[in-house]
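This report looks at a few local features of one model. The sequence and structure come first, and the discussion follows.

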Amino acid sequence: MKCRHCSAPLSQCMIDLGTSPPSNAYLNENQLEAPERYYPLKVFVCDSCRLVQLQDFTEVAELFKEDYAYFSSVSQSWVDHSSAYVDAAVQRFSLDENSVVVEIAANDGYLLQWVKARGIPCYGVEPTVATAACAREKGLEIVEAFFGEELGMRLAGEGRSADLIVANNVLAHVPDINDFLRGFARLLKPMGVATFEFPHLLNLLQKVQFDTIYHEHYSYLSVFALERIFSTNGLSLFDVEELPTHGGSLRCYVQRADSGMWRKEPSVERMLQRELAAGMSNPCFYQGFQSKADRVKDDFVAYLINAKRRGMLVAGYGAAAKGNTLINYAGIRADLLAFVVDNNPHKQNKYLPGSRIPIVSETVLREKRPERVVILPWNIADELAERLKFINEWGGKCVSFVPSMNEYAPE
Ligand SMILES: [Zn+2]
């Protein structure tokens, strides 16, 4: 197995989470009769470039890309985050009716709608049919394709080069990170800027966010590893911002290495120094992560067994990738976690991959009155605990397990 960036052989394993089906392979009732395909879920650190990456199973993406689409606009806080970003970018990069803004993985147009509203020409690139259709309903132009060097060249050749390219939560999800980034170098105008947002590896490691590891998430990114990856692919990093989204993210600002004019901000060096001070250039830093993750998993299992022995009904909340990683790694089934509530109607009445725990609506939660509700998306745990206060009526409590067990006391 070779590094997806520098092709060096990979030998250092950071964490082995056993095997599980792809996290978005939700099952219908009739699929319960059939077997599921399990893949190893194992993360390596490259000895040469330090890119942290998942063992590659490219066919996972091939098999399941159409099964389930996530619509970004369902999260109001994410839509607000995007609106604020557009305001800031328009000002900083002096964008106007003569500019072109492109978003890669434009999803349902949650961000480009704000660009269009300001009268700035824009288009999106989005391979998922359902979300692309939704973006078009907002009056946005979508190129329905996967992005890479070939598409970047073609679009530039058609005179569609960009002043600003936005790529939020997509860099970690592309199997060929080099080809993807070369596309940006091709599509940017000489003075253009691209921004990338992604969860910061430093947070994953320090806050034991091991459940953000799943098959569709190929790379786990730091400035330390990325600065080299950008420059190998014709780009240069000139600014970094920290964001609270997804448990702690970074926003990297890059330009073309051959023609960009933006001055490198001190933020880049500051973040690099912080990562180096934490030990990211040292292989020892990555060792010991397995035992930290195992502690979280063991606490989760022990809690559920104890609750069962005490005759309590325990449910989960939030049927997303994070929960699937934790549940499958812990080997939990419906005898310990009876059902998982999710407000997305496309997921209701389906079953979680692997564990086959049923996904239900909030109505079922009110009917069954579980004594404990495990909040699986810890990044919005406080928000959800507040929303689920009504379970206190029947003595119910919320609890979360990442980075450590936290039982929310009733009011
Ligand atoms: Zn490498």
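## A buried lysine without a salt bridge

In this predicted model, K347 is buried and yet takes part in no salt bridge. The nearest side chain of opposite charge belongs to D342 and is 4.3 Å away, whereas a salt bridge requires a side-chain nitrogen of Lys or Arg within 4 Å of a carboxyl oxygen of Asp or Glu. K347 itself is placed in the loop that runs between β13 (340-341) and β14 (359-360), and a polar atom of its side chain lies 2.7 Å from the backbone oxygen of A319.

## The enclosed helix α11

Helix α11 spans residues 321-330, and because 10 of its 10 residues are buried, the helix is largely enclosed by the rest of the structure. Among these buried residues are K322, N324, N328 and Y329, together with L326 and I327. Just after α11, G331 adopts a positive phi of about 70 degrees.

## The zinc site

The zinc ion has as its protein donors the SG atoms of C3, C6, C46 and C49, which lie 2.3 Å from the ion. The angles subtended by the four donor atoms run from 102 to 116 degrees, and the arrangement is therefore tetrahedral.

Along the sequence, the donor residues follow the spacing C-x2-C-x39-C-x2-C. Distant parts of the chain are linked in this way, with C3 in the segment before β1 and C46, 43 residues apart from it, in the loop between β2 and β3 (52-54). Both C3 and C46 are buried.

How values were computed:
Residues numbered from 1 in each chain as written. Predicted model: local features only at pLDDT ≥ 70, side-chain atom pairs only at ≥ 80, totals over all residues. Heavy atoms only, no water. Buried < 20%, exposed > 50% of the residue type's maximum accessible area, 1.4 Å probe, protein only. Helix = DSSP H or I, 4+ residues; strand = E, 2+ residues; numbered from the N terminus. Lys, Arg positive; Asp, Glu negative; His and termini not counted. Polar contact = N/O pair within 3.5 Å; in protein donor to acceptor, adjacent residues only side chain to side chain. Donors = N, O, S within 2.8 Å, 3.2 Å for Na, K, Ca; no water. Tetrahedral: all angles 85-135°; square planar, octahedral: opposite > 155°, others 65-115°.
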